[in-house]
Amino acid sequence: MQRNNLPKLSLFPLTSDVDTQGHLRIGGCDTVQLAQKYGTPLYILDEFTLRHKCREFHNEFARRYPNTLVIYASKAFLNPALAVILKEEGLGLDVVSGGEMSLAQIVDFPGEKVYFHGNNKTADELKLALDWKVGRIVVDNFHELELLNKLAHSAGVKQDILLRLTPGVDPHTHHHTTTGILDSKFGFPLATGQAEMAVTRAIAAPHLHLKGFHFHLGSPIPDTPPFEIAISLVLNFASEMRGKYEFELDEFSPGGGFAVKYMVDSQVPSTADYAEAITTKVIDTANELGLTLPKLIIEPGRAIVGQAGIAVYTVGAIKEIPGVRTYICVDGGIGDNIRPTLYDAKYEALVANKVNEDEAAIVTIAGRYCESGDILARDVTVPPIAPGDIIAMPLAGAYSIPMSSNYNMVPRPAIVMVREGKARLIRQRESYQDLMRLDVI
Ligand code: LLP
């Protein structure tokens, strides 16, 4: 076993190494053997990296700001095996649908650590949340405020809520994932006076208890100033609300959106950098304004699960267009990872069965779907490559599988979790029968 010097390897899960045959190993398991055993496309999650990231987030924030709860943003990827690990690690959960909530219930996730988000929660979903007694409902708009107050009345409960505020700060993410600017479907804008109106209505709602404020600027946010600017705006707003309405800020969430390193040459803040910037700004601003330090809620998704996951594909057709480009076609693509097509997301790739060979060729890795835009990675360097080789792509743990589809009626991949040389299946590969399971002739 050797730790290869290839810089790309540092993007893979923390347990990655290369065996004597030049095969990529994750969690002590040979990824080439896993591909043979479980088939491809295959997603592999490394339990060590996952747990390490949970602890890193908790530790980096809590040692600077003890009253912190880290809640994992389920939308990045959730399944029962993962939820059990998050529960064991003591994290809370950000859910955005009845489906995510039901999954949390199935694994007996502590309801009080569950935060229910979303800009258009249905009445049924809100009832489910009230019945289960979720910790907080993060109210997004006036319709929801009124509806939730009525439903809480019927359920005979007083529900703790946060208000989602829109601070009007641009984090310069892809425009599809920018949420904290004024022109956004999410939240009550500070700039228009609607945030203040929401505070007055929430305070007046007899079946709701306003605990604090939340904002989420976008994802991924590659630097810390947008967080700092928005924290200052929202804490100043909280101070104004205290002056006007005696509102006390018990809880405060600056959301998620922590970036991960997708490419060898990309620079992103570390968890410690984010923790330092956010906690310093909260503490300094609260002190300046004379606010009691609120409980801090941090909502990472991608940064917990991203690096823990890799996607594994088998090479099939190779199309060389002389003087133009070589397409390496694999057995996955937009069906399991739509991010390159949707957000122009960039990925690196390794040939998992040839990690020690010199990477002399520049190729484009194309998917198998009937769309020209189905390209997983452009202009990546690889060793001489042939049909049957195994391609491994790092940073596949977040927002690939949960955004997957059955486009072209292609079954979705299996997922295995690896740990200390053992692999366990945590989601089966879909079958053709699964694809037709809900159809009626
Ligand atoms: N909190 C809230 C309210 C959010 O809306 C999100 C993500 C997060 C936390 C977690 O953000 P994270 O730490 O994972 O960046 N599909 C896109 C990302 C969409 C993120 C949506 N909201 C992608 O593949 O890049």
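How many Å separate the centres of domain 1 and domain 2, taken over C-alpha atoms?

Modeller: The centres, taken over C-alpha atoms, are 33 Å apart. This is a predicted model: local features need pLDDT of at least 70, side-chain atom pairs count only at pLDDT 80 or more, and totals for chains, interfaces and linings use all residues. Residues are numbered from 1 along each chain as its sequence is written, and side-chain values use heavy atoms, with hydrogens and water left out.

Domain 1 covers 6-39 + 309-436, and domain 2 covers 48-305. These bounds come from an automatic or database domain assignment. At the interface, 25 residues of domain 1 are in contact (heavy atoms within 4.5 Å) with 22 residues of domain 2. The buried area between them is about 2,100 Å². That is the accessible area (1.4 Å probe) that two parts lose on being put together, summed over both. Carbon and sulfur atoms give 66% of the area. On the domain 1 side, Leu14, Tyr343 and Tyr399 lose the most area to domain 2, together 26% of what that side buries.

Now the rings. The structure holds twelve aromatic pairs. Rings of Phe, Tyr and Trp (its six-membered ring) pair if their centres lie within 6.5 Å; planes under 30 degrees apart count as stacked, over 60 as edge-to-face and the rest as tilted. Phe142 and Phe188 are edge-to-face, 4.9 Å centre to centre with 65° between the planes. Phe142 lies in helix 6 (residues 142-155) and Phe188 in strand 10 (residues 188-189), so this pair ties together parts 46 residues apart in sequence. Helices (H or I, at least four residues) and strands (E, at least two) are DSSP runs, numbered from the N terminus. Phe188 is buried at 2% relative accessibility, while Phe142 is partly exposed at 22%. Buried means under 20% relative accessible area, exposed over 50%, partly exposed in between (1.4 Å probe, protein chains only). Elsewhere, ring pairs join Phe57, Phe61, Phe227, Phe258 and Tyr274 into a cluster.
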